[in-house]
Amino acid sequence: MSLTDFQKSLSQKVESLLLSIPDLEDGGFREVVGRRETYLRTTVKTLQHIIEIYIYEDEAGYLLEGGDWTIYEKPDYFSSDELVMSFLKGLRKELK
């Protein structure tokens, strides 16, 4: 299965964000073939906690310390660009 343009674009933006923040450990995105879709996943270690980042075909989310799940779903935004901007803003806040 191939990745969507949304997944390719957002994963590049997330990688750029991760590179801009010091003291992070990032395992790098890997493709996971699920039952319904292929998605991207990476685990990031900050000084405070561990964050698992998921990028699906048209939405994204992150899991803090295996407990608090935050999802950014397509129906909640007027456009993919708005979803991406909101996701990156929320993720940046958690990474610092």
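Visitor: Is Y54 buried or exposed?
Guide: In this predicted model, Y54 has a relative accessibility of 11%. The cut-off for buried is under 20%, so Y54 counts as buried.

Visitor: Which aromatic pair does Y54 form with Y39, stacked or tilted?
Guide: A tilted one, with 6.1 Å from centre to centre and 45 degrees between the planes. Y39 sits in strand β3 and Y54 in strand β4, so this pair links distant parts of the chain, 15 residues apart.

Visitor: Which residues make up the aromatic cluster there?
Guide: Y39 and Y54 belong to one cluster together with Y56 and W69.

Visitor: And how many aromatic pairs does the structure hold?
Guide: There are 8 aromatic pairs. One of the others to look at joins Y72 and F87: the ring centres are 5.3 Å apart and the planes stand at 85 degrees, so that pair is edge-to-face.

Visitor: Where do Y72 and F87 lie?
Guide: Y72 is in strand β6 and F87 is in helix α2, which covers residues 80-95. The pair therefore ties together parts that are 15 residues apart in sequence. Both Y72 and F87 are buried.

Visitor: Let's switch to β5. Why is strand β5 largely enclosed?
Guide: Because 5 of the 5 residues in β5, residues 60-64, are buried. A60, Y62 and L64 point one way, while G61 and L63 point the other way, and all of them are buried.

Visitor: Which way does β4 run against β5, parallel or antiparallel?
Guide: Antiparallel, with 5 bridges joining β4 (residues 50-55) to β5. E52 stands opposite L63 in β5, and a hairpin of 4 residues connects β4 to β5.

Visitor: What about β5 and β6, how many bridges do they pair over?
Guide: They pair over 5 bridges, in the antiparallel sense, with β6 spanning residues 68-72. There, D68 is the bridge partner of L64.

Visitor: Now helix α1. How many residues does it have?
Guide: Helix α1 has 15 residues, 5-19. From first C-alpha to last it reaches 21 Å, close to the 21 Å expected at 1.5 Å a residue.

Visitor: Which residues of α1 are buried?
Guide: F6, Q7, L10, S11, V14, L17 and L18. They cover an arc of only 120 degrees around the axis, so they are on the same side of α1. An α-helix has 3.6 residues a turn, so residues three or four places apart point the same way.

Visitor: What do those buried residues pack against?
Guide: The buried residues of α1 pack against β1, β3, β4, β5 and α2.

Visitor: And which residues are exposed on the other side of α1?
Guide: D5, Q12 and L19 are exposed there.

Definitions and conventions: Residues are numbered from 1 along each chain as its sequence is written. This is a predicted model: local features need pLDDT of at least 70, side-chain atom pairs count only at pLDDT 80 or more; totals for chains, interfaces and linings use all residues. Side-chain values use heavy atoms; hydrogens and water are left out. Buried means under 20% relative accessible area, exposed over 50%, partly exposed in between (1.4 Å probe, protein chains only). Helices (H or I, at least four residues) and strands (E, at least two) are DSSP runs, numbered from the N terminus. Two strands pair if DSSP finds at least two bridges between them. Rings of Phe, Tyr and Trp (its six-membered ring) pair if their centres lie within 6.5 Å; planes under 30 degrees apart count as stacked, over 60 as edge-to-face and the rest as tilted. The expected span of a helix is 1.5 Å times one less than its number of residues. The arc is that of the directions from the helix axis to the C-beta atoms. Contact means heavy atoms within 4.5 Å.
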